[in-house]
Amino acid sequence: MKAYKFDRSIELFKRAGNVIPGGIYGQRHPGFMVPGHFPYFAARGEGCRFWDVDGQEYIDYMCGFGPIILGYNYPKIKEVVNKEKALGDCFDLSTEKMVELAEYLVSLVSVAEWAVFGKNGSDVTTYATQIAREHTGKKKIIMVQSEYHGSHPWCSPGYGGIIEEDKANTLIFKWNDTEGFLELVDKYRGEIAGVIMTPYHHPVYADHEFPKDGFWEIIQSTCNKESIVLILDDIRAGFRLHLRGSNEYFGFKPDSITFCKAMANGHPISACVGRDELRKVASRIFFTGTFYFSRAPMAAAIATIEELKAIDGINYMFKIGKMLQDGLGQLAESHNLKVSITGPPSIPFMRFKNEDNFIRSQLFCSECAKRGVFLHPHHNWFISCAHTEDDIKKTLEVADAAFRAVKRKFGK
Ligand SMILES: Cc1ncc(COP(=O)(O)O)c(C=O)c1O
């Protein structure tokens with residue numbers, strides 16, 4: 001097999017550096033992967049594969065960082081989007097599709113009695129915290145350490161341009177630490193507007209953790225008792241655990257839920273849904289953006305969720321993801337390497353147990369990338385309905401070679 005090269009990616013990155021600060025920003029920056037060992041620019045996608053600007057093919061386990069859930073270029077969704085776009089996408093007014101999508105989510109999601117739409121996850125997580133503040137008249141928002149709710153200053157993990165005051169009302173406790181949570185509630189009683197959490201703990205650079213027994217029960221009952229708004233951030237896990245919200249998978253009831261990523265198979269849309277008690281305050285918040293009302297992504301969202309239902313997408317992704325998780329575990333064992341495989345099968349993550357610096361993961365993923373399998377060394381992966389058993393078999397062959405390279409370099 002011809003070794004992969006990234007010449008055109010590197011050339012484009014140099015050009016980008018002249019006109020775009022940092023060349024590429026955010027989590028697409030090459031520094032978040034392994035510079036020089038991964039492509040930097042994509043050219044096209046089909047099913048569970050994409051091709052980079054050097055013309056090389058990859059089985060993709062990042063799925064655009066989550067959105068691609070049915071597969072790139074999925075014909076049914078493409079058809080729906082093209083039909084809407086032919087009529088016009090962006091108008092002076094909103095369209096009937098917005099009402100249809102809101103009705104659809106209200107009938108689908110049990111806690112949803114209304115729905116509002118944005119473009120990105122950060123739009124709706126911030127909006128959900130504003131609702132909590134408007135509803136309670138309180139300022140503080142509790143979140144979990146290392147959880148990501150977006151790039152807005154109150155929760156951004158970055159530093160640039162953020163001042164102390166931005167985070168002055170954000171309180172932090174550790175995942176599964178019910179005592180820590182109750183202490184915060186006690187200490188700041190009367191000041192807390194909302195709690196925002198992901199359905200399970202999926203930080204970057206760390207194992208993923210499920211809620212321990214009774215964890216969500218304590219969070220929910222405390223929020224109810226103290227009149228704190230419980231916000232579920234389902235932006236990353238949404239539609240890969242349960243179609244009606246990941247709270248159904250873990251058995252709890254938040255007051256509002258934010259969705260984005262996989263909602264429309266890559267078309268730009270996010271949503272915040274909530275209980276009736278929050279409807280009035282939701283309508284008082286000035287929430288808008290130039291493209292929030294575009295029609296095609298709304299149609300794509302309905303079509304995507306309907307298709308996931310029709311093909312039993314959740315169970316399929318669990319089956320395929322489990323095959324990958326089990327296969328990687330067995331391969332690692334056969335090479336006498338210790339790995340930790342966490343997360344649900346549809347959103348898996350693997351790291352090497354005997355390191356904190358991820359250098360084995362970086363080598364492992366680089367070796368996979370140059371053989372046409374795109375895995376991230378620091379961030380969880382995503383399974384789509386387009387991955388087949390055959391793709392997993394090919395991936396495991398590549399992983400075998402990558403584990404061998406890790407063994408050769410590090411010994412254990
Ligand atoms: C759990 C979670 N919340 C919020 C966000 C922010 O979404 P966006 O990047 O679309 O603003 C993300 C993005 O990765 C996320 O994973």
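These notebook entries record what I looked up in a predicted model.

**Entry 1: ground rules.** I treated this as a predicted model in which local features need pLDDT of at least 70, side-chain atom pairs count only at pLDDT 80 or more, and totals for chains, interfaces and linings use all residues. Residues are numbered from 1 along each chain as its sequence is written, and side-chain values use heavy atoms, with hydrogens and water left out.

**Entry 2: the sheet.** I took helices (H or I, at least four residues) and strands (E, at least two) as DSSP runs, numbered from the N terminus. Two strands count as paired if DSSP finds at least two bridges between them. I found an open sheet of seven strands with mixed pairing, in the order β4-β10-β9-β8-β7-β5-β6. Because β4 (114-118) and β6 (170-173) each have a single partner strand, they stand at the edges, and one side of each is left without a neighbour in the sheet. On average, neighbouring strands are turned by 20 degrees against each other, direction ignored. Strand β5 (residues 140-144) and β6 run parallel and are joined by four bridges. Within β6, Thr-170 stands opposite Ile-141.

**Entry 3: helices on the sheet.** Axes are lines fitted to C-alpha atoms, for helices over the stretch in contact, and angles run from 0 to 180 degrees between N-to-C directions. Contact means heavy atoms within 4.5 Å. I noted that helix α3 (residues 96-108) lies across β4 and β10 (270-274), at about 130 degrees to β4. Helix α5 (residues 178-187) touches β5, β6 and β7 (192-197), and its direction makes about 150 degrees with that of β6.

**Entry 4: the two domains.** Using bounds from an automatic or database domain assignment, I have domain 1 (7-73 + 312-410) and domain 2 (75-310). Their centres, taken over C-alpha atoms, are separated by 27 Å. In contact are 30 residues of domain 1 and 27 residues of domain 2. The area buried between them (accessible area, 1.4 Å probe, lost on putting the two parts together, summed over both) is about 2500 Å², and carbon and sulfur atoms give 60% of this. Ile-69, Leu-70 and Ile-314 supply 23% of the area that domain 1 buries against domain 2, more than any other three residues.

**Entry 5: the salt bridge.** I counted one salt bridge between the domains, the criterion being a side-chain nitrogen of Lys or Arg within 4 Å of a carboxyl oxygen of Asp or Glu. The side chains of Arg-351 and Asp-207 meet in a salt bridge at 2.8 Å, N to O. On the side of domain 1 that touches domain 2, the elements giving two or more residues are α10 (313-334), β11 (339-342) and β12 (349-352). Of these, α10 gives the most, with four residues.
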